[in-house]
Amino acid sequence: MLIEKVKDMSNVFAITSILFLVVLAISPAKDYFSEWRAFQHEYNELIEEQPRRIKPVEIGIKQFWLPDLGVTDRCTSCHLGVSEINLVDIPAPFKTHPVMYHTTDEFGCTPCHQGQGIATTTKESVGHEEFWNDPMLPLEFAEAGCGTCHEGGIAAEAPVLTRGRELIQDLNCVSCHNLPGYEDKFVVSLDGISNKVNRNWIVKWLSSPHEVEVTTNMPDFKLTNDEVDLLADFLMSLDGNSVEMVPLPADLLEEWPDEDLVELGSTRFREARCISCHLINGKGGHLAPELGKIASKVTREWLFNFIKDPKTLHPGIPMPIYGFSKKDVKAVTAYMVTEFRDWDAEEDSVQIKHTPEPDFYKKGIALFNTYNCQGCHELNVPGVGKNMGPDLSAIGSIPQTQLEFGDSGIETTRPSYIYNKVKNPRIFLENSRMPIFDLKDDDLIAITTALLAMRDSDIPEKHKAEYRPPPEYKPQGEFGRLVEKYSCFSCHVINGEGYLLASDLSNEGSRVRYEWMKSYFRLPYTLRPILTERMPNLFMSEEEIIFISDYFGLLFVNDEIDKIEITIDAESILDGEHLVKEIYGCNSCHLIDGEGGYVGTPFDETSKRSTPQWVYTWIMDPQKYRPDLICPDQGLSEIEGKHITAYIMNLSKK
Amino acid sequence: MKLIISITTIVLLLILSSCSSEPKKELSKSFATQSALNYSARQGEFLYNKYCTVCHGAGGEGDGFNAFNLDPKPRDFTDFEYLSNFSDDRLFEAINQGGRGINKSVNMPSWKNVIKDYQVSYLVSYIRHFSTTNNNNEMIEK
């Protein structure tokens, strides 16, 4: 009896032992037949065929362990050629990683590419799994990785990310979404809109902004006709809160103003270089709205008042207050109302009879708030308020399970969500409020990249690129008033404040000659022939010109530039000419004696404008005061720099 | 006997669970046209557009707006025959050292203090694509 039981037990024991052995064998077998091991053998075979000798790998898991960053990346177990410079033309996964600023030893792989670093199979490391929140970024959006550490502003070597950030700023996404690091952009207020435009125009504009103005940033809200009517009625009913306007002078009351006045207006319009910023029928600058049909958009009274003083009608507008005389203002208005008409619309300009709904005001406000019009356009009316969209401050790390894809059938990943949402905002939810921006594919990829970079990342602060927002500089007193009046900061930067479209004026007193500065304010000309956005003639008064030139000459100086000693003698001029023409080829971009390129400023003009100290400072390091300039630093020696300066300063004296 | 069966089932279940795989969902590929250029060439494209197009032209044909002022004319990068005899290293030197570094016109300046070495290699990749795509197109036409 006992023996039988023991026999039975020993059978059980034997079978379970074998089973456990099998189980134990699974793990080494899985390891032996693993994907990475096969890749490593394949790699070792492949490199033997290579013309240059490459060291074979030792079979085994490879990993970067960077405890400081919390990185354990085993990607190089298969991506074996990442740091090997001679495998550029080899197929993935053995290919050389493109050269870049950072090395893998420094940061590993996942801080940039995301994905599951610890995994050892393709599927798991790519990370498209239920419980892995950060799958690898598709290559299109790879620069989002850069943005995780390089927060804010321009990421010099990540052009797609930088473009995305510029677009997010330009499209004013921050008006509806919380996006730290972006600023509110100036958009015209709607106060007094009923005195500015007519109802027909509002209806056309709201129905399809891009049809009215191709280049506008105003997105299409895809409003129904009823919604457009309600909003138009609501906006046209607001007239109690506008700024008081000067009534039209008698000369402008005629449908077609006097020809001489129009002629004068045409001259002033040209002199003021309005097309530096404004488009006219598709031609001109891109900083301000299209003017081609402006006379059919705004009322004549409004246009007259606006040209007289744009900043009273729209406080904060980037347009300068031109120093036009009373007659000039009349003339420019006369010219614009004669020339810039919508000739097609002239015939049906008869106001269509329209009776507003009885409760249009209440419904209008509700619609205005629903679509958060207040986000961009200010409107001081009781009952109007902001009504923001979702917070996007950490959209790049939002759990993918929180994204609602509806029945769109679109790949359920975070990049795919953002890309498609920006491309077609109503795709996941039909009655979404977000408007349609009508963007090109490149721009969509750039915006998606910049949004994916908005992450709650656990990378320690010390590893992040330091981002210092520019210092805030607010000029005071009379100078401050002039800077505001002429909107200098719309194009120029002073002490970090402003928009760097034209030159940085922080050292202007050391850069240019006092006499030149005054004559330039009186009649600005184009320093670089290729520019489209040119300095306008602001028609400043003589007192203003002297005041502002004195101010620049006294306050915006830099001893580092001023103390440089330059001697101009025959020998240095001769050597300078040799260096410029025979060695460094400066004339391929700069005009010398009327010959040469048109990229930089003509050297023939330089000595009238610039101080020798500035010329020297510039040629020794063109990027010193403006890192984004393309003028190549030639690495000149001090002597070479001084000789070239002597040559350039002597040029126009001939 | 029951014991044996239960142990076996547990072990089999364990094995099975380790082998199971999720069903695959087929979803539409949502974005985007993968660029025909690789990473280096894409980076090179941005640099090229910033620094080179004024003379060499956006299409690399040596016809940038500043080209008509220059003698000799800027290099036409679509010239497959010329470019194929020009090694990557030499192209690199031409950008880095300028014309004077490789015994060519000094009208081509040296960029080594503005464009970093690895960025020059991006430019080389991008410049190469002009002649290879052009060549491919010609071959297709033939």
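Predicted model: local features only at pLDDT ≥ 70, side-chain atom pairs only at ≥ 80, totals over all residues.

Residues are numbered from 1 along each chain as its sequence is written, chains are lettered from A and ligands numbered from 1 in the order in which they are written, and side-chain values use heavy atoms, with hydrogens and water left out.

**Chain A, overall**

Select chain A and colour by secondary structure: there are 27 helices and 8 strands (DSSP runs numbered from the N terminus, helices being H or I of at least four residues and strands E of at least two). The radius of gyration of chain A is 33 Å, well over the 26 Å that the globule rule gives for 654 residues, so the chain is more spread out than a compact globule (the radius is taken over C-alpha atoms, and the rule is 2.2 Å times the number of residues to the power 0.38). Of the 654 residues, 48% are buried (under 20% relative accessible area, with exposed over 50% and partly exposed in between; 1.4 Å probe, protein chains only).

Go to Pro93(A), in the loop between strand S2 (71-73) and helix H3 (104-107). The peptide bond that joins Ala92(A) to Pro93(A) is cis, with omega about 5°.

Next select Lys222(A), in the loop between helix H9 (209-212) and helix H10 (225-236). Phi of Lys222(A) is positive, near 50°, and the residue is not a glycine.

Phe539(A) also has a positive phi, near 55°. Phe539(A) sits in the loop between helix H21 (514-522) and helix H22 (542-555), and is buried at 18% relative accessible area.

Then pick Thr338(A) in helix H15 (residues 326-339). Thr338(A) is buried, at 15%. Which residues does Thr338(A) touch, not counting those up to four places away in sequence? They are Trp256(A), Pro257(A), Val262(A) and Trp343(A), where a contact means heavy atoms within 4.5 Å.

**Chain B**

Switch to chain B, which has 6 helices and 0 strands. Colour by pLDDT, the predictor's confidence in each residue from 0 to 100: the mean for chain B is 80, and 71% of its residues reach 70 or more. Select residues 19-27 of chain B, where pLDDT stays under 50 and the model has 4 contacts beyond four places in sequence.

Pro72(B) lies in the loop between helix H3 (53-56) and helix H4 (80-84). A cis peptide bond joins Asp71(B) to Pro72(B), with omega about 0°.

In H5(B), select the buried residues Leu91(B), Phe92(B), Ala94(B), Ile95(B) and Asn96(B). Gly98(B) follows H5(B) and has a positive phi, near 80°.

**Last stop: Trp111(B)**

Select Trp111(B), in the loop between helix H5 (88-97) and helix H6 (117-141) of chain B. Is Trp111(B) buried or exposed? At 10% relative accessibility, Trp111(B) counts as buried. Leaving out residues up to four places away in sequence, Trp111(B) touches Ile630(A) and Pro632(A) in chain A, and Tyr51(B), Ile95(B) and Asn96(B) in chain B. Finally, draw a distance from Trp111(B) to Glu93(B), 18 residues apart along the chain: their C-alpha atoms are separated by 9.8 Å.
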